[in-house]
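Subject: Structure handover

Hi,

Here is the structure we talked about. Please open it beside this message and follow along.

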Amino acid sequence: IPQLREDIIIPDYCYVGEGDEDAQVNAWIGPRGTISPLHYDPDHNFLSQVVGSKYIRLYSQEHTSLLYPHEGLLSNTSQVDVESPDLISFPLFPTAPYLECILEAGNMLYIPPKMWHYVRSLSTSFSVSFWWK
């Protein structure tokens with residue numbers, strides 16, 4: 001939505017990385033219960049909550065082997081249903097330490113490159129993320 005893009009200002013922090021290009025801006029709109037499965041992104045990420053709230057769970061890259069990533073093209077995405085894991089298929093998953101938070105409207109969360117994250121909308125939600133190298 002080009003008109004909406006005019007209202008989004010890229011945080012200054014996005015210009016201190018290694019790349020010389022502008023941050024990639026992504027808008028996420030969805031109803032309560034929308035889920036982003038456990039995954040990681042290759043770039044720095046500021047996840048900014050504009051409307052509503054989201055539950056976020058974070059896992060360190062150090063614990064990747066406990067998160068059962070897919071092989072091949074989806075190797076940045078876990079096979080595990082985070083909130084209802086199949087412990088027969090993924091017995092080590094519960095041993096992976098994690099941090100969790102609720103991101104409310106007006107909050108912004110920095111997610112480092114390759115930090116695993118799972119996101120679930122707790123209400124109708126609008127978020128903007130900024131990815132940069």
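Is Ser 125 buried or exposed? Ser 125 counts as buried, because its relative accessibility is 3% and the cut-off for buried is under 20%. Please keep in mind that this is a predicted model.

**Around Ser 125**

Ser 125 lies in strand S8, which covers residues 125–132. Its side chain makes a polar contact of 2.7 Å with the side chain of Gln 49. Beyond its neighbours within four places in sequence, Ser 125 touches several residues, among them Trp 28, Ile 29 and Gly 30. Gln 49, Val 51, Ser 53 and Lys 54 are also in contact with Ser 125.

**Lys 54**

That last contact is worth a look. Lys 54 sits in strand S4, residues 53–59. Lys 54 is buried, yet it has no salt bridge. Which side chain of opposite charge is nearest to Lys 54? It is Asp 41, and it is 11 Å away. What Lys 54 does have is a polar contact: its side chain meets the side chain of Ser 127 at 2.9 Å. Residues up to four places away in sequence aside, Lys 54 touches a list that includes Trp 28, Gln 49, Cys 101, Arg 120 and Ser 125.

**The sheet**

Now the strands. An open sheet is formed by 4 strands, in the order S1-S8-S3-S6, with antiparallel pairing. Strand S1 (24–30) and strand S6 (108–111) are the edges, and each pairs on one side only. On average, neighbouring strands of this sheet are turned by 20 degrees against each other, direction ignored. Strand S3 (residues 44–51) and S6 run antiparallel and are joined by 4 bridges. Ser 48 has Met 108 in S6 as its bridge partner.

Last, the backbone. Most residues other than glycine have a negative phi. Which phi does Tyr 68 have? Its phi is positive, about 50 degrees, although Tyr 68 is not a glycine. Tyr 68 belongs to the loop between S4 and strand S5 (99–104). With a relative accessible area of 17%, Tyr 68 is buried.

Lys 114 also has a positive phi, near 65 degrees, and is a residue other than glycine. Look for Lys 114 in the loop between S6 and strand S7 (116–121). Lys 114 counts as partly exposed, because its relative accessibility is 37%.

Over to you.

Best wishes

Methods:
Residues are numbered from 1 along each chain as its sequence is written. This is a predicted model: local features need pLDDT of at least 70, side-chain atom pairs count only at pLDDT 80 or more; totals for chains, interfaces and linings use all residues. Side-chain values use heavy atoms; hydrogens and water are left out. Helices (H or I, at least four residues) and strands (E, at least two) are DSSP runs, numbered from the N terminus. Buried means under 20% relative accessible area, exposed over 50%, partly exposed in between (1.4 Å probe, protein chains only). Lys and Arg count as positive and Asp and Glu as negative; His and the chain ends are not counted. A salt bridge is a side-chain nitrogen of Lys or Arg within 4 Å of a carboxyl oxygen of Asp or Glu. A polar contact is a pair of N or O atoms within 3.5 Å; within protein, one must be able to donate a hydrogen and the other to accept it, and residues adjacent in sequence count only if both atoms are side-chain atoms. Contact means heavy atoms within 4.5 Å. Two strands pair if DSSP finds at least two bridges between them. Axes are lines fitted to C-alpha atoms, for helices over the stretch in contact, and angles run from 0 to 180 degrees between N-to-C directions.
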